[in-house]
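Please keep the sequence and the model at hand while reading.

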Amino acid sequence: MRTTLLISSAYGWFAGLLVIMVVMAALFVFIAMFALKPVKFDKQQGGSDLAQKLLQKREAELAMQLLNSKEDKAVSEEIESKLRDVSAAKRIVDELLAQELGVTAPKPHYGVDENLTDAEKKSLDNNEKQTLEQTFGETPAQDDSSIKKSFTAQLMQASDDIKVWYFELKNCILCYEKTKEIMHWHNEKFYIGRDNVATLTMRGKTLSLYLALDPAEYSDKFHVRLSQSEVYRKVTPCLFRIKSDKSVKKAKELIALLMADYGVMYVRTNHSIYALPYEDDDALVAKGLAKKQ
């Protein structure tokens with residue numbers, strides 16, 4: 001009898017412990033499914049952003065190294081090989097994140113040019129080149145001077161330093177794949193597809209570069225500012241003024257970071273450079289590069 005009671009008691013304790021274990025297991029599953037899953041997802045999201053940012057940063061660094069390795073062919077080829085590896089890694093990471101987590105690479109916030117004409121859209125889509133005569137048909141804005149000068153006219157009458165800086169930056173942008181340019185009266189715009197990623201213009205006598213970047217993200221390292229002009233603020237709000245050889249180098253770093261955001265590689269394509277000899281106002285008016293009011 002006593003033995004039977006002990007066995008019954010043991011079974012009772014065992015059954016009670018089993019019930020408690022089942023309840024605890026169910027509670028753990030509940031917590032794991034509904035409490036821990038959002039945390040895990042957030043970490044995955046953060047990890048994916050980090051991977052993409054690190055690859056973009058590495059691509060920009062390699063592009064800058066390639067820019068500075070003009071004389072050493074062996075070094076250039078090695079850097080180009082690394083660039084291709086990074087570009088391939090970016091595509092693989094983007095594909096895996098899209099397939100496994102449904103996470104897509106973030107798109108740039110700026111660059112959408114809503115003022116493109118049908119002719120400009122066609123030229124960008126078909127990779128056509130526009131002549132100065134095609135782009136300079138517009139009427140320049142009014143100001144207090146008696147002659148309205150185009151961007152090209154301003155460059156022709158600029159100092160030799162500004163001409164060199166302009167050609168360096170233009171070539172730097174066009175050495176990235178898929179980039180195209182359209183010359184306007186007031187500026188020269190550079191595109192990837194139909195996205196206006198960069199613009200060169202003159203502000204007074206200073207060469208200025210506008211980029212499709214948020215200046216707040218780069219102001220700690222670069223002397224950039226938010227453009228106050230409505231012409232540029234929505235599309236290319238990051239203003240960087242070119243005043244020295246050092247600022248040209250910094251501008252190239254910004255361009256490298258911009259192109260990494262857009263996923264395009266530096267391909268070292270050679271571009272023709274046309275001389276911009278000085279001409280006086282009368283000659284510029286005769287050529288249609290300036291207009292008398």
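Two strands pair if DSSP finds at least two bridges between them, and helices (H or I, at least four residues) and strands (E, at least two) are DSSP runs, numbered from the N terminus. The model is predicted, with local features needing pLDDT of at least 70 and side-chain atom pairs counting only at pLDDT 80 or more, while totals for chains, interfaces and linings use all residues. Residues are numbered from 1 along each chain as its sequence is written, and side-chain values use heavy atoms, with hydrogens and water left out.

**Sheet and helices**

Strand 4 (residues 195-203) and strand 5 (residues 206-211) run antiparallel and are joined by six bridges; M202 has L207 in strand 5 as its bridge partner. The open sheet has six strands in the order 2-3-4-5-7-6, with antiparallel pairing. Strand 2 (179-183) and strand 6 (225-226) are at the edges with a single partner strand each, so one side of each is left without a neighbour in the sheet.

**Cavity**

On a 1 Å grid over the protein atoms alone, a cavity is a set of points where a 1.4 Å probe fits but cannot get out, and lining residues have an atom within 4 Å of a point; a volume is the space filled by probe spheres set on the points. The structure holds one cavity of 30 Å³ or more, and the volume of the largest cavity is about 40 Å³. Among the residues lining the largest cavity are E59, L83, Y176 and M259. Helix 1 (2-67) and helix 8 (245-262) each give two or more residues to this lining.

**Salt bridges**

Nine salt bridges (a side-chain nitrogen of Lys or Arg within 4 Å of a carboxyl oxygen of Asp or Glu) are found in the whole structure. In one, the side chains of D281 and K149 meet at 3.3 Å, N to O; D281 in helix 9 (residues 281-286) and K149 in strand 1 (residues 147-149) are 132 residues apart.

Key
1 Å grid on protein atoms, 1.4 Å probe; cavity = no way out; pocket = protein on both sides within 12 Å on 5 of 7 lines; lining within 4 Å.
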